[in-house]
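User: Hi! I have a chain open on my screen and would like to go through it with you, one question at a time.

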Amino acid sequence: MRLQFHRRTGIRLLACASLFSLTACADTPAIAQAEPVRPAAAQPSAANVMVEPVVMQRSFADWRADFRAEALALGIEPQLFDRAFAGVSPDPDVIKADRSQPEFSRPVWAYLDGALSSQRVATGQRKLAEQRTSIDAIEQRYGVDRHILAAIWGLESNFGQNMGDRQVIRSLATLAHEGRRPAFAHDQLLGALDILQHRDIEPEQMLGSWAGAMGQTQFIPTTYNEYAVDFDQDGRRDIWNSSADALASAAHYLQQSGWQPGQPWGQEVKLPPSFDYALADSSVRKTVQQWADLGVTDIKGTPLPANIREHSAALLLPAGHRGPAFLVLSNFRSIMRYNNSTSYALAIGLLSERFQGGGKVVAGWPTEDRPLSRSERTELQTLLTEQGFEPGGIDGIIGANTRTAIRRLQQQLGWPADGYPTPELLEQLRRG
């Protein structure tokens, strides 16, 4: 999400949408989630990042007193603040989760296996039928495909079953006091108080994930303040207890993120034998017609659909050149603004099709490949830097800059330049 500002009852908040955790494909999500099928986090290695100066930590009581003064100056009612913070103390489990650095992450095919489970598909189909009337109205108002909304609902909270059971105020206060990103948590905490002041939810009922994500669509507070809607018109924007409010809020977010009604998210495609894999980069966008001119077809080898030939698209190789290929359109980017992870967006697209009887990936995944561990990814970036390939930093996260650096190395070696990190590539770097 772009950096935005939100003003309500005198409070001016930075509507930042980065997540507290990073996904396995090394992107930063726009809305925080606490869903068990989400890719494992990939965090910086302590041995390879700059160490911040040690500063004396203020006591929680002192921090709270200063924060209370700031919140009241911004318009929060004293009684509300005191009620919201009654009995609140730092949560050690939140700090533990915030500082966790998993060494291994699941490959995309394992992530999709969980995201696209038969149980999730069956539940989603049932929910679509049960909520047909409200979903019809939401789809008509916002123009966002119902199956996409159901997929987000399913991945974010298992259709409202797994919304998180931690007190949002306590979690965010803990992170604002001693978390890794206190400024972000600080703004989210002010946003949470703003929600409480507008009586959309009571403090005791404001529950969510350890990172402060809330409700059936797992909105962080500033995202809620900007995009949540009272679709059922009961006077409250209740993404916890009202599926209509939750789904409409997600639809509103996607609409404002550039969703194009009637346009597909993308599709699996087949590439010609001589294809230049360096074109499989999110920064390389061509019309579907231009991709067709390069020999790209649908997965069966037949021409790409005529009705999307003028749309802009990028090529996605989530497992490198040995795995499936997808042509993704602008709605895929809208999904990634919900969570800036290609694995997540791909799961949403495929799950939306599973609800309709499709969504099967035809090409095989390279399941024999071993994904790099976090420490190996950090080593890869270190060696890329030392050998002049400029991956853009050493943090163990394979983002766009690292993929570009990998492509440069692959091209130098005469390998398929798909930007995909492999143990073989790391070994090549070790040999210098």
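This is a predicted model: local features need pLDDT of at least 70, side-chain atom pairs count only at pLDDT 80 or more; totals for chains, interfaces and linings use all residues.

User: Where does Thr297 lie, and is Thr297 buried or exposed?

Analyst: Thr297 lies in strand E7 (residues 297-298); helices (H or I, at least four residues) and strands (E, at least two) are DSSP runs, numbered from the N terminus. Buried means under 20% relative accessible area, exposed over 50%, and partly exposed in between (1.4 Å probe, protein chains only). At 18% relative accessibility, Thr297 counts as buried.

User: How many helices and strands does the protein chain have, and what percentage of its residues count as buried?

Analyst: The secondary structure of the protein chain comes to 17 helices and nine strands. Of its 432 residues, the share that counts as buried is 55%.

User: Why is H14 described as largely enclosed by the rest of the structure, and which elements do its buried residues pack against?

Analyst: Helix H14 (residues 342-354) has 13 residues and reaches 18 Å from its first C-alpha to its last, close to the 18 Å expected at 1.5 Å a residue; the expected span is 1.5 Å times one less than the number of residues. Eleven of those 13 residues are buried, so H14 is largely enclosed by the rest of the structure. Among the buried ones are Tyr344, Leu350 and Arg354. The elements that the buried residues pack against are helix H4 (108-115), helix H5 (118-130), H7, strand E9 (325-329) and helix H13 (330-338).

User: Which residue caps the N-terminal end of H14?

Analyst: Look for a side-chain oxygen that lies 3.3 Å from the backbone nitrogen of Ser343.

User: Which residues of H8 are buried?

Analyst: Helix H8 (residues 168-178) is mostly covered, with nine of its eleven residues buried. Those buried residues are Val168, Ile169, Ser171, Leu172, Ala173, Thr174, Leu175, Ala176 and His177.

User: What separates the C-alpha atoms of Met163 and Thr217?

Analyst: Met163 is found in the loop between H7 and E3 and is buried, with a relative accessible area of 19%. Met163 and Thr217 are 54 residues apart along the chain, and their C-alpha atoms are separated by 8.2 Å.

User: What is the phi of Gln218, and is Gln218 buried or exposed?

Analyst: Gln218 sits in the loop between strand E4 (207-208) and helix H10 (221-227). Its phi is near 55°, a positive value in a residue other than glycine. With a relative accessible area of 0%, Gln218 is buried.

User: Asn158 also has a positive phi; what is its relative accessible area?

Analyst: Asn158 has a phi of about 55° although it is not a glycine. Its place is in the loop between helix H7 (146-157) and strand E3 (166-167). Asn158 is partly exposed, with a relative accessible area of 26%.

User: How many bridges pair E8 with E9, and what is the bridge partner of Leu316 in E9?

Analyst: Two strands pair if DSSP finds at least two bridges between them. Strand E8 (residues 312-316) has four of its five residues buried, so it is largely enclosed by the rest of the structure. Two bridges join strand E6 (residues 286-287) to E8 in an antiparallel run, where the partner of Lys286 is Ala313. E8 and E9 pair in the antiparallel sense over four bridges, and the partner of Leu316 in E9 is Phe326.

Definitions and conventions: Residues are numbered from 1 along each chain as its sequence is written. Side-chain values use heavy atoms; hydrogens and water are left out. Contact means heavy atoms within 4.5 Å. A polar contact is a pair of N or O atoms within 3.5 Å; within protein, one must be able to donate a hydrogen and the other to accept it, and residues adjacent in sequence count only if both atoms are side-chain atoms.
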